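This briefing is for a reader who is new to the structure below. Look through the sequence and the model first, then read the points by topic.

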Amino acid sequence: MGINYVLKRLAIMVPIFFLVVTLVFFMIRFAPGGPFSSEKTVSAAILKNLEAKYHMDEPLLSQYVRYWKDLFRGDLGPSFKHANRTVNEIIAEALPISLELGLLALTWAVLIGVSAGGLAALKPNTVYDYVPMAFSILGICLPTFVVGPVLVLVFGLWLQWLPVAGWETWQDRVLPSLTLGFAYAAYISRLTRGGLIEIRGQEFIRTARAKGLSESEIVIKHSLRGGLLPVVSYLGPALAGIITGALVTETIFNIPGLGRFFIESAVNRDYTVVMGTSLLYFTLIFICNFLVDIIYAILDPRVKYE
Amino acid sequence: MCGKVRRYEDRFSDRLFLTLFPPILFASSQILNLGNGTEPRDLDPHTVTGIPEFQIIQNLFEGLVGKDPKTLEPTPGVAESWKISKDGKTYTFKLRKNAKWSNAEPITASDFIYSWKRLLDPQTASEYAYQGYYIKGGKDFNQGKLKDASQLGIKSADPYTLEVTLENPTPYFLSLLYHHSLYPVHKATVEKHGMRWTRPENIVSNGAFSLKKWQMNQLISVEKNPNYWDSSAVKLEKVNFYAVEKAETEEKMFLTKKLQATSTVPTEKIAPWTKDTSGVLKRHPYLGTYYYWINVNRAPLNNPLIRKALALAIDREKLVKYVVKGGQAPAESFTPPGTGGFKPASRLPKDSSRVADAKKLLAQAGFPGGKGLQPIEILYNTSEGHKKIAEAIQQMWSDNLGIQATLYNQEWKVFLDTQHSRNYMVSRAGWIADYNDPNTFLDMLTTGNGNNHAGWSNQAYDSLIEKAAKELNPKKRYEIFQKAEDILLEELPVIPLYVYTRIYLLSPDVQGWFENVEDIHPLKYVWMK
């Protein structure tokens, strides 16, 4: 994999980033209502003062230019809704929470997915295959907003083993990460099963067997590496999907992650937070996909990037 | 989800739960955990407007007077006593000498002078600046007509005497002082930190509690303030205000005892909770009216006969019983009965003859049986609850008057924009009292009031409201308000629908918490059993 390829990918990102900033900036500005429209009517004089405070009294184009200038300095501006915070501070507070939730969910997904899929692949067409695969169909079909409340009902309200909402103790982490990871675990188990079964039929596995290697050595050394390729290529989109898709889980479990700020900022017309979170999501998705391409090249000798 | 509610006292597997999750999740000793709705915008008493903010601020700061949690009568706060002049326009407050800021500095009259000027300063851009308009010169100062702040009606003869001169005798002025907009703020802190002065590491306040932790969209923790003058009376050690937006989540947190009180109850759970016998469901009237604005400048709604027909054709009893379903009371007047002890005598009729009357009025307006009348558009902000109500009214208008109505909804900010620019025919609205006096409802409908979205203007009405502001005799004052209500129910720029009810869950462990129409529960008086 050449350095050229990396540079090319990064070069493509620049115009897309420019486009995203411009689109989001103007789209949110053209939505009716604004950060200061409230149920109690604000007098014109007060509105003027509020707008001046946030440079909203300037022409839209100079606000746009100002945004770029601030962005280059790494300053995403003050939040309109959270009066005593900047967007940088909000992201610094919320992003680690979303990342933690996402990584925990991904860990569950891989742990459960690979073991269930591996089990199914080792004993295909037996009960060890049917049961996990039936569950995985369920996992793929059921949306988060069904899985979450059901888990809360069973483990939170009936058994009272785990808290129903919040993000303070380690117990708080269990149900949300399981909820979020569930669908991905299901998908990963199917990918693992498919990949492993395909590999087991290959010549080099037969060779390994003929050499007299033990079954466990064959699985760990030879089958897994090739058989998990589909899983690896899925991890990138999965991580991106988990981080951006966490907002439903964050809402169900009242977790103060980035997803909630993303949604609320749009509803509140908190322009700067809308911009900041959108740009962050864009960057995260880009990085995830980029990393996967690189890992893929390392794992699979057949893949070459020019 | 299942519609059945587990009994609160059902201690199923509590023991296991306790072993697994030791006290962190429980109200051990004097810690109170409250559900507080949406994330507060800020904790600056002069710039915030919301109820979640107020719930916290009233415990972090203290104004000149407090509020008795049972009777809602003013109690001594930073002021230990006060005198009111004969004309009702001058209030002289004696401040207590032991009142301190949380950094142990004394609170003096100059703190209040600074704070009220800050509220009124146009640069502060306070949305509640009008709470300071009662003070002489307040309105002019806020609108930039009066530049010299020393001309405002707030003076101090000595550090512990504050003299306030009002524009008009305002009988509810003392109760206004409990409103957060009139709380004091610490000058040095505000000037040093600017917008960031309310952060836990910067804030200096003067209430029974002080701010310790603020995790956005999660919780705000306050702890007992040892520098508070009455701290020996404060029993709670710590209060956690959880920002929980969804009523369903709040209810679950309550059921698992992570919260001892919720801010609301999911609508579909009210009925099952009503059957619960443990008494944790609290339900009481609240000073607020749910109503419809009528754009009186739009044909055919510019005709008062049609407006009245529309108002009479609604069966409010049915509406609250079968549609709203939260035990609300039908609103037959604009001011909720009992606001500051005011009982509106004129009522929208509820007997069955009202439908016949409505039909007659419609015929009188030239549209017998609704024939020839264009469809009426009802606007509401997107929500399942508002939709159901609008649909019920659509049905009632169609059944009773033969009038067709169309419904449309808009997302909140778009809705506010539409309402503000009066680009609608009929629009859903709600108004919660800022203070316990009929004036908080009635002065909204005066000509040119920023919150008068009906575009309605009535000189007789305006002069009544103005007259009431100057009237000293409480009985006569309420008679004037009664006349204003009469005009409203004749003209109907608003169609009152129901009186708000506060519904929430409260653990029996919480003591010193009283249900009242203002829904004010100073935590200074609350403790855990």
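In which sense do S4(B) and strand S5 (residues 90-95) of chain B pair, and over how many bridges? They pair in the antiparallel sense, over 5 bridges. Two strands count as paired if DSSP finds at least two bridges between them. Helices (H or I, at least four residues) and strands (E, at least two) are DSSP runs, numbered from the N terminus.

This is a predicted model, in which local features need pLDDT of at least 70, side-chain atom pairs count only at pLDDT 80 or more, and totals for chains, interfaces and linings use all residues. Residues are numbered from 1 along each chain as its sequence is written, while chains are lettered from A and ligands numbered from 1 in the order in which they are written.

**Chain B overall**

- The secondary structure of chain B consists of 16 helices and 18 strands.
- Along the principal axes, the C-alpha atoms of chain B fill a box of roughly 75 × 65 × 40 Å.

**The sheet of 4 strands in chain B**

- The order in this open, antiparallel sheet is S4-S5-S7-S6 (chain B).
- Strand S4 (79-84) and strand S6 (154-158) of chain B are at the edges with a single partner strand each, so one side of each has no neighbour in the sheet.
- From one strand to the next, the twist averages 20°. Angles run from 0 to 180 degrees between N-to-C directions, and axes are lines fitted to C-alpha atoms, for helices over the stretch in contact.
- Lys83(B) is placed opposite Thr92(B) in S5(B).
- Helix H3 (residues 109-120) of chain B lies across S5, S6 and strand S7 (161-165) of chain B, and runs at about 170° to S6(B).

**The sheet of 6 strands in chain B**

- This open sheet has mixed pairing and the order S12-S16-S11-S15-S13-S14 (chain B).
- Strand S12 (329-330) and strand S14 (405-410) of chain B are the edge strands, and each pairs on one side only.
- S12(B) and strand S16 (residues 494-505) of chain B run antiparallel and are joined by 2 bridges.
- Ala329(B) is found opposite Val499(B) in S16(B).

**Helix packing in chain A**

- The axes of helix H6 (residues 144-158) and helix H7 (residues 170-200) of chain A come within 9 Å and cross at roughly 140°.
- That angle makes H6(A) oblique to H7(A): under 35 degrees counts as roughly parallel, over 145 as roughly antiparallel, 65 to 115 as roughly perpendicular and the rest as oblique.
- The contact of H6(A) with H7(A) has 9 nonpolar, 4 polar and no charged residues. Ala, Val, Leu, Ile, Met, Phe, Trp, Tyr, Cys and Pro count as nonpolar, Asp, Glu, Lys and Arg as charged, and the others, Gly among them, as polar.
- The axes of H4(A) and H7(A) come within 5 Å and cross at roughly 35°.
- The contact of H4(A) with H7(A) comprises 21 nonpolar, 7 polar and 3 charged residues.

**Where chain A touches chain B**

- Chain A gives 40 residues to the contact and chain B gives 44 residues, two residues being in contact if their C-beta atoms, placed from the backbone, lie within 7 Å.
- On the side of chain A that touches chain B, H2(A) gives the most, with 5 residues.
- That side of chain A has 18 nonpolar, 15 polar and 7 charged residues.
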